[in-house]
Amino acid sequence: MSRVAGVVVTPVAFADPPLLNVVGVHEPFALRALVQVRTDDGLVGLGETYADDAHLARLGAVASAVVGLDVYDLNGLRRIVIDVLGNGRGAAFGGMLAVQDPADVVLSPFEVALLDIQGKELGRPVADLLGGVVRPEVPFSAYLFYKWVAHPGRAGDSWGEALDSDGIVAQARRMVDEYGFTAIKLKGGVFAPEQEIEAVKALAAAFPEHSLRIDPNGAWTPSTSVRVAKSLEGLIEYLEDPTPGIGGMAEVARQTELPLATNMCVIAFDHLKPAVLADAVQVVLSDHHYWGGLRRSRLLAGICETFGMGLSMHSNSHLGVSLAAMTHLAAATPNLTYACDTHYPWKTEDLIKPGVLDFVGGSVRVPSGPGLGVELDEDAVGRLHEQYLSCGIRGRDDTSYLRRFDPSFSPNTARW
Ligand SMILES: O=C([O-])C(=O)C[C@H](O)[C@@H](O)C(=O)[O-]
Ligand SMILES: [Mg+2]
């Protein structure tokens, strides 16, 4: 029986294009933390999570406290996390979201790493530890963004500018051609709703067989949301976070046939009861990075099933360890019936060796090797850690970055 002998937390930075959203624009580098858990018999398990300073401090505190833990004692792991964090409230993560209790956010990468170790010890993929594979190929969606041609003062990326419907359709064309996606999501909340409705209609015309979604991250008032919903009914499969808050979402939900999805007003277990009582949300976007890892995401899936809510998957800018974990989770979650979000096509650097997580027909085949089934590229880990040290970014702040170029920018949600 393996026990935890030590944990190494390595913050890394990877190049990120200037992708626009309701709170600003992505900075030149996105941050992640790689969590490597080593056992006394030489196994190493991997987890990936956020890397803002406050989160790194919490990860460090838990890293020391888990030494000696039996790698199968996931309940014990959660108890340790809760004990170590005490009343440390107010975790901020992912740029736009905050949960009151950071325990599940901190738990996640450790839980994934222990599952990776369990799988390696047993010679079974993590999906088998989550109940078994119900879909060997996990469908993901193209994740489109309005974007600048380049970060000001830096070289451009291979995607070019997308600031209108033509740019968005061209971006979608490349995503679909290269990755085979059959679902397409547009990140909205950047331009006035009419312009974003026009972009969705252009996508529907160009990709009549694809499932479409738009997510303005709460940029619209409830009445604007209803107006947009009416014009997109029949064209999109769900409308994601049109307006902030459970109350606002419930008001919109009462006035549209479209299912409303969220990764903003239901992001922790204590948000589920009020959302269910208000019938505010028809699809929950799970995300193991803040729902407490893979097994607690399966618990979320069970709650969604019980209350007749759909289940999809959210992402933030991420690397391959996260994609592997997302793929195992989705492969083993029967009611996760929508294509999952992923930012993966936007990254040009990774921590893992290539060849395992390739997209074919928009889907990633669940890795068949033991554990997560991915292997670290140690040189890349060193390089991306050096990039973290030199890039100067210590927490995601899309708003301040955009204000450097447009001091009048206001990130108000419900602005339209
Ligand atoms: O579905 C979402 O709300 C997201 O993917 C949140 C992300 O932070 C996204 O807006 C981004 O990367 O700018
Ligand atoms: Mg969203």
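**Notes on a two-domain predicted model**

1. Starting with the layout: the centres of domain 1 and domain 2, taken over C-alpha atoms, are separated by 23 Å. The assignment puts residues 4-123 and 377-390 in domain 1 and residues 129-365 in domain 2; the bounds come from an automatic or database domain assignment. Where they touch, 40 residues come from domain 1 and 44 residues from domain 2, with a contact meaning that two C-beta atoms, placed from the backbone, lie within 7 Å.

2. Which elements of domain 1 supply at least two residues each to the side that touches domain 2? They are β1 (4-15), β2 (20-21), β4 (29-39), β5 (44-49), β7 (97-99), α3 and α12 (378-391). Helix α3 gives the most, with nine residues.

3. Before going further, a word on what we're looking at. This is a predicted model, where local features need pLDDT of at least 70 and side-chain atom pairs count only at pLDDT 80 or more, while totals for chains, interfaces and linings use all residues. Residues are numbered from 1 along each chain as its sequence is written, chains are lettered from A and ligands numbered from 1 in the order in which they are written. The mean pLDDT (the predictor's confidence in each residue, from 0 to 100) is 96, and 97% of the residues reach 70 or more. The scores are ipTM 0.99 and pTM 0.97.

4. On overall shape, the C-alpha trace spans about 60 × 50 × 40 Å along its principal axes. Of the contacts with a separation of 6 or more, 72% link residues 24 or more positions apart.

5. The fold has 13 helices and 17 strands, counted as DSSP runs numbered from the N terminus (helices are H or I, at least four residues; strands are E, at least two). One piece worth a look is an open sheet of three strands, ordered β8-β17-β16 with antiparallel pairing. β8 (137-139) and β16 (359-360) are the edge strands, each with a single partner, so one side of each has no neighbour in the sheet. Strands pair if DSSP finds at least two bridges between them; β8 and β17 (residues 363-365) have three. Among these pairings, Pro139 is bridged to Ser363 in β17.

6. Now the annotated residues. An unreviewed UniProt entry marks Lys187 and His314 as "active site"; such positions are given in the numbering used here, with feature names shortened, and annotations may be inferred rather than shown by experiment. How are these residues placed in space, given a spread over 128 residues of sequence? They cluster, with a largest C-alpha distance of 12.1 Å.

7. Lys187 lies in strand β10 (residues 183-187) and is buried, because 23 other C-beta atoms fall within 10 Å. Beyond four places in sequence, Lys187 touches Asn21, Tyr143, Leu144, Phe145 and Asp215. His314 sits in the loop between β15 (310-313) and α11 (320-331); with 25 other C-beta atoms within 10 Å, His314 is buried. Its contacts beyond four places in sequence are Asn263, Leu285, Ser286, Asp287 and Asp341.

8. The unreviewed UniProt entry also annotates residues 165-259 as "domain: Mandelate racemase/muconate lactonizing enzyme C-terminal". That stretch is 51% helix and 14% strand, and its end C-alpha atoms are 24 Å apart.

9. Back to α3 (residues 103-122), which holds Phe110. Is Phe110 buried or exposed? It is buried, because 28 C-beta neighbours lie inside 10 Å. Phe110 contacts Val35, Val37, Gly47, Val62, Val66 and Leu77, leaving aside neighbours within four places in sequence. Val66 is 44 residues from Phe110 in sequence and 9.1 Å away, C-alpha to C-alpha.

10. Asp241 is not a glycine, yet has a positive phi of about 40 degrees; Asp241 lies in the loop between β12 (238-240) and α8 (246-253) and counts as buried, with 29 C-beta neighbours inside 10 Å. Ala414 has a positive phi near 50 degrees, lies in the segment after α13 (398-403) and is partly exposed, with 18 other C-beta atoms within 10 Å.

Notes: Buried ≥ 20, exposed ≤ 12 C-beta atoms within 10 Å, placed from the backbone.
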